[in-house]
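Q: Can you walk me through this structure? I'd like to ask things as they come up.

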Amino acid sequence: MIHFVPALLSLVFVEPIPQEPASPAPVAAVSVEGEARYATIVDVPVPEGVVLEVGGIAERDDGLYVCTRRGEIWRITEPYSAQPKFALWAEGLQEPLGLLEHEGWLYCAQRGELSRMRDRDVDGRMDDLETVASGWVLSGNYHESCFGPALAGDGSMWLSLNKPFGDEPFGRAPFRGFAIAVQKDGSWTGECAGLRSPAGIGTAPWGEVFYSDNQGEWCATSKFAPLQRGDFHGHPWGIDSCKDPRSKAAHPGEVKSGLRMSEAATTIPNFRLPAVWIPYDECGRSPAGFVWDDAGRFGPYRGQVFCGDQYSSEVFRMSLERVQGRWQGACYPFRRGFACGIVRVLWAKDGSLWCGLTNRGWGSLGQSEHGLQRLRWNGETPFDLVEAKATTTGFDLLFSMPVDGASLDSLKIKSWTYDHHESYGCPPRDVQSHIAKATVGNGDGRMVHMALSSLVDGRVYSLDASAVRAAALPGRVAPKMLHGKAWYTRNAAP
Amino acid sequence: MRFLRASTFVLVVLACGGCGRETGLPDENATSLALLEPHAAMAAAQTSRCVACHALDGPAASAFAPLPRIPLRDATGWHSGGALVEFLKSHHAGEDADAIAAMLRGGTAEALRPATVAADATSRGERMFGELGCVACHAESSMASLAARTDHAHVVAFLKEPSARRPDLAHDFALSPSEATDLAAFLLRAQAPNRDDAPAQGLDWECFEIDLVGDELPSLDGVVPKAKGATDHVDVSLRTRNDHFALRFSGLLLVPEAGDWTFTLGSDDSSWLWIDDALVVENAKVAPHRRKSATVRLDAGARRLRIVFTELAGQESLELLWRGPSIEESPVPSSAFARKALSLVPTASVMPRVDAQSIARGETAFLARNCAACHEHVGAAPPRKAAPWAQLRAGRCVVATDGEAVFAAARESSRIEPAPDIALRAAMQARRCVSCHERNGSGGIDAAVRARFVEVEDIGEEGRVPPDLSRAGHRLRKDWLRLLLVGERRARGYLKARMPRLPEDLATSFAELFERVDARPGDDVEPAFDGEMAQRGQHLVGVNGRNCVTCHPFGGRRAIGPQGMDLALQHERLKPAWFADWLLHATALRPGTRMPAFWLRDDERAKAEVDAIRVWGSLGAAAPVPNGYRSVGDGMELDPLERPVLHGAFLKGLSARCVAVGSPLRGHYAYDVEHAQLAWLWRGSFIDAAGTWSGRAGQLLLPLSDDRVTLDPLPIRDATAASAIARNIGQRRTDDGHPTFRSRVGDCLFEDSIAPELTSRGVEFVRTIRCEQGALRVEAAAQSGVARVTIDGAPAGPRDLQAGQSLSLRYSW
């Protein structure tokens, strides 16, 4: 089925973790074959009988640990070989959706608790499980997922709690739609409210925790945002818990439906705009786990975020910059064609990217329903738009190769905003086209400065450089643009 | 001399017609009656219903009691047209046949109705007629008259509930509605002379790959399907891709009876149902699976059916259910679908109306001939009392004309209580058990029809024909036999031939007779139960032991090879002495059996092994599963075979944070982590994970067994602080996978571990609470839910525990 407008239907129908598509298939601008030249998707063979619906991945010296939505943890040895060996390390967990190695323990978010586990007698089976923190109650709704943990710079562990969709047989549970921070002693605080379906939570190299959320009611389109104490991210479902002494998020008051996003940002107390709006079906559909490439593993994109999508079975990129003290940035296409929706990603020891797959309950592109794949960078640099940054007059676009200035007339720039409302998702509002005046900057010819007509902050800018050509170099054919697309969330001007 | 005379009498009595003629039953075999001497005459008098008029008293009376009276309701529907008069003439009515027929018509005459069945129903019915064993009693040719005198509805009604029409027959074969439909179609095949037996069940289906728009009904006319064929089921499994496709099903819906029918279409995304080209259900929406229903009034017979299903993207599903006058809401069975139908048109004409005078004449004749002695008829006078059996004289009987000597012989034997074996033989003959079952060298399937019985599993003659009943009361427990006879137990799943269900009182009397005739001293001495012995037996049954798993299923788990008898039934079924004897000497006891002789010597060791298997079997289907059986089903039922299986889940009535722990000993429990409490104990099947592992999950689970208890919460306090709210702080797991749950209450830490244990009463649970730190107060009680709780054999009560001390609670029910 196709998922739509659950705000009205949710009493009757329940909703999957990510939303199902509102149109049959995402827009496909370039062929997967073009992407495959630069990044190869490697299958990890899974033995028959193992249902690897990946919820979390951790890699240690003694193997790759994968927890599944069936409540198992598999220890996979020789995971890079053609015949990895699977051994059941633990079972009986409740839909674990994250796994993290820390101080010799495997930390894992179960539905109702943060646990840590180890194998004391080293016989290949978990034999000690400690409940690190619990107390966020479950109503018995299937969608009360718990994602994480993300280890913050201060040593606390962060979890994101999905809101329920439908029946709550054991009664309404508090702190739904919260990000919570667990201290070493197991005590925890509600740090941010207003999350909807926060399937990805992770830590930036500088220790700050971010999360990804899925389009739906009170979530105009999918998004990526920092989790900062006290913020309200827009969904009013769980805000009663702001009155709980454990909450560090203040109650935002009545949340009116139908405000233009800029108005919501200025009138709703502590309302936090995302760092990146991820336009639905332009750039994936249902974002989940993400990692930062702080080591240049994937060519020219060092410092950027690589995020998996649970529906479109792709990995897309995001870049961030700090503008007026807040993070904002852009998202970019990167690599599609995985076998199934991606819920978790993790850098592998060899510099490739583990991608944990599952689509149970929502469906996805691709032929599989679960599994494990690995994305390997082939070393060649494609001609592509690497990064867009805001300037006072428009944007600076950094390309991976020198560009042909004569082709800059082809830049197509549009912008729009969204409404903050209760109904499911929001199409772009107030769409405008902009005239771009672009010049190639000094230096290596990869930077393009672009001034825009009628530039307004608080909007998403679609930057289409797909027809920009690489500068001709003597003795070689100028490569074709791979994507040349970005969607920049210009909350503020530098 | 007496033997000869009595046999003559028997033949005379049989010649009177009896009741076999109506359905083509072959005449009783005089030779087998001879085995009943000196009571052969009595037996014949019972089956020929002499004793219905002429009361028999004295010691033989109970063994040869009159058979139940046959109701005459709807006799005209069974003997339509002129058939009733013809039948009555040949029965007992003589020149009163017309009058009695008029009376039975009662002034009304209902027309017989045509019926519609799937075109291949007759060929399926023909196969069943042989396989189910109908041929043991009925010659196919002798059933031909049915087509000339009745209709499909009557035959189906009889096959479904034979006792309503013939309470004297053991004829309840528990046929399903579709089996009854097919069998009746075969019996009436002459009503459809131009039939075509090509397979015609199911529906035609087509799958279209098209671009769909929302929930609009696509036009499929002129569109070439990507794939097509015939199917038994309406679902999405036939799709050729997962998004943007349409499925169309078309064919005939065989409506079994007239009335209001409610059809329900469930789908994700859209679906439409037409009956006779009228749109009945429209469930068009691009949304998760949901159902929509509509009710229509339909006549019985074949209706044109069409279903269109469309799927845009995401998940897809489709189901079709119905509810009718006598059908609960359920998926429409494949037997209700047909791609081609066959009409059965009754040939008998409607009988003319009769006047009141004729009816009155019939009533007089009915009374004069004492028909009521054998027949129930609404409004008819009760039977007259005729001369008792003891006073009968030759020449005064309406049927027999032989001399005084024959009656004298019968009279004499009626004063002798028949020996139990004679009574048993007589009863087996009266109910025609002997048509199928051999016993002590007589009876059994006639060689002429033996070939019609089929072997489903490769286990030889035992897997083809109904069993020999020699020694049955020595082999089988009386209670088992009774349950078998009423149809509540079946041991021979491999046998296509079907045993009829007997009424309760008849089953009880058969079970008692078998016991009286065959039981031997020492039959029922059981080896004493011992948990270790049971586990040794479990091992012996497995592939590394005597390998019984090769040919014997167990508790619904399939055997590796042919599917012989289910081992889970054998303790309830077989007496212990025979069980041991059979295992040790099968080939000697039943030459030709496929059961091998595993123990070459009948020594102490062999006896000990057999006893261990017996003790294991005493746990029935709840016994631990021997090595070699595979997990049940292809679904998500969790089935711990070697190690404990743990399943984190929402459990109904407990909390959304529970762990269900399944054990290979088949004693399972649920621990409510949220409330740090052991909550459920149960035995048998463990749990189905589908509610947690399929689709969007989040179902509230229950155990797969009703053999369970919900425990009262066990208060465990900090003895010094009276703090009572325990919180789970984690689990330890043993190397073999058993969890120990750890909790904190106040300043105390404690462990809670639960171990199932095999006992003669089935699995019991030993729960150990160990105080790790502080001083605990465990408020145990002698009862928890319906479970008894003991500590060292005595009823449980409160206990204090210091650090390092532990307490064992035993739960049983």
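Q: Is Glu772(B) buried, partly exposed or exposed?
A: This is a predicted model, and in it Glu772(B) is partly exposed, with a relative accessible area of 24%.

Q: What does the side chain of Glu772(B) meet in a salt bridge?
A: The side chain of Arg742(B), at 3.1 Å from N to O.

Q: Which residue forms a salt bridge with Arg439(B)?
A: Asp518(B), with the closest N and O atoms 2.8 Å apart.

Q: What about chain A, which residue does Asp281(A) form a salt bridge with?
A: Arg285(A), and the closest N and O atoms are 2.8 Å apart. Asp281(A) is buried at 9% relative accessible area, and Arg285(A) is buried at 1%.

Q: New topic, the contact between the chains. How many residues does each chain give?
A: Chain B gives 47 residues and chain A gives 40 residues. About 3,600 Å² is buried between them, and carbon and sulfur atoms give 52% of that area.

Q: Which residues of chain B lose the most area to chain A?
A: Trp693(B), Arg696(B) and Arg733(B), which together make up 22% of what the chain B side buries.

Q: How many salt bridges cross that interface?
A: Two. There is also a salt bridge between the side chains of Arg657(B) and Glu113(A), at 2.6 Å from N to O.

Q: Let's do sheets. Which strands make up the open sheet in chain A?
A: Eight strands, in the order E19-E20-E21-E22-E34-E33-E28-E30, with antiparallel pairing. Strand E19 (287-292) and strand E30 (429-434) of chain A are at the edges with a single partner strand each, so one side of each has no neighbour in the sheet. From one strand to the next, the twist averages 25°.

Q: How many bridges pair E19(A) with E20(A)?
A: Four, in the antiparallel sense, with E20(A) covering residues 305-309. Pro287(A) stands opposite Asp309(A), and Phe290(A) has Cys307(A) as its bridge partner.

Q: How many residues of E20(A) are buried?
A: Five of the five, so E20(A) is largely enclosed by the rest of the structure. Val305(A), Cys307(A) and Asp309(A) are buried on one side, and Phe306(A) and Gly308(A) on the other.

Q: What joins E20(A) to E21(A)?
A: Four bridges, with the two strands running antiparallel. Val305(A) has Met318(A) as its bridge partner in E21(A). The hairpin has five residues between the strands, and Ser313(A) takes a positive phi near 55° there.

Q: Last one, the nonpolar cores. How many residues are in the largest?
A: It has 121 residues, and those with the most contacts inside it include Phe510(B), Leu681(B) and Leu809(B). Helix H21 (residues 576-589) of chain B gives the largest share, eight residues. A second, separate core has 51 residues, including Phe175(A) and Trp188(A).

Q: What does Leu809(B) touch?
A: Leaving out residues up to four places away in sequence, its contacts include Leu714(B), Phe765(B), Ile769(B) and Val789(B).

Technical notes:
Residues numbered from 1 in each chain as written. Chains lettered and ligands numbered in written order. Predicted model: local features only at pLDDT ≥ 70, side-chain atom pairs only at ≥ 80, totals over all residues. Heavy atoms only, no water. Core = buried A, V, L, I, M, F, W, Y, C linked by side-chain atoms within 4.5 Å. Buried < 20%, exposed > 50% of the residue type's maximum accessible area, 1.4 Å probe, protein only. Contact = heavy atoms within 4.5 Å. Pairing = 2+ DSSP bridges. Axes fitted to C-alpha atoms, helices over the stretch in contact; angles between N-to-C directions. Buried area = accessible area lost by both parts, 1.4 Å probe. Salt bridge = Lys/Arg side-chain N within 4 Å of Asp/Glu carboxyl O.
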